[in-house]
Amino acid sequence: MTNGRFLSVKHRATVSWYRSRMSMAYFASPPLRARIGPIPETVTPHNPPLYRSFTWDEYKKATYSRRLGDGRLNLFRFQPNDGLGK
């Protein structure tokens, strides 16, 4: 959504043998047909889109077809020979 401006970090948790830790799961997702793409203000002629837009359903299918540590977003990255805007 930020067109590469902000990068996500890998989740890391520190375990302490001296103190207990409480975790809480939180799940949220858009509708399957929701289209995900860069925020228009992040795309300029000098900063073209890095990724094609995709639906949440496409992203979920990519997620479930990969191993946990594999990147998923790169599946939607434009390649040099791709026509932008198609």
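The largest nonpolar core consists of five residues, Ile36, Phe54, Trp56, Ala62 and Phe76; such a core is a set of buried Ala, Val, Leu, Ile, Met, Phe, Trp, Tyr and Cys residues joined through side-chain atoms within 4.5 Å. Buried means under 20% relative accessible area, exposed over 50% and partly exposed in between, with a 1.4 Å probe and protein chains only. The model is predicted, so that local features need pLDDT of at least 70 and side-chain atom pairs count only at pLDDT 80 or more, while totals for chains, interfaces and linings use all residues. Residues are numbered from 1 along each chain as its sequence is written, and side-chain values use heavy atoms, with hydrogens and water left out.

In soluble globular proteins, nonpolar side chains tend to be buried together. Beyond its neighbours within four places in sequence, Phe76 is in contact (heavy atoms within 4.5 Å) with Leu50, Tyr51, Arg52, Phe54, Glu58, Tyr59 and Ala62. Of the contacts in the protein with a separation of 6 or more, 48% are accounted for by residues 24 or more positions apart.

Helices (H or I, at least four residues) and strands (E, at least two) are DSSP runs, numbered from the N terminus. Of the 86 residues, 13% count as buried. The protein exposes about 8,200 Å², with 58% supplied by carbon and sulfur atoms; the areas come from the Shrake-Rupley method with a 1.4 Å probe, and for residues only the protein chains shown count as cover.

Asn3 lies in the segment before β1 (35-36). Asn3 counts as buried because its relative accessibility is 6%. Although Asn3 is not a glycine, its phi is positive, at about 55°.
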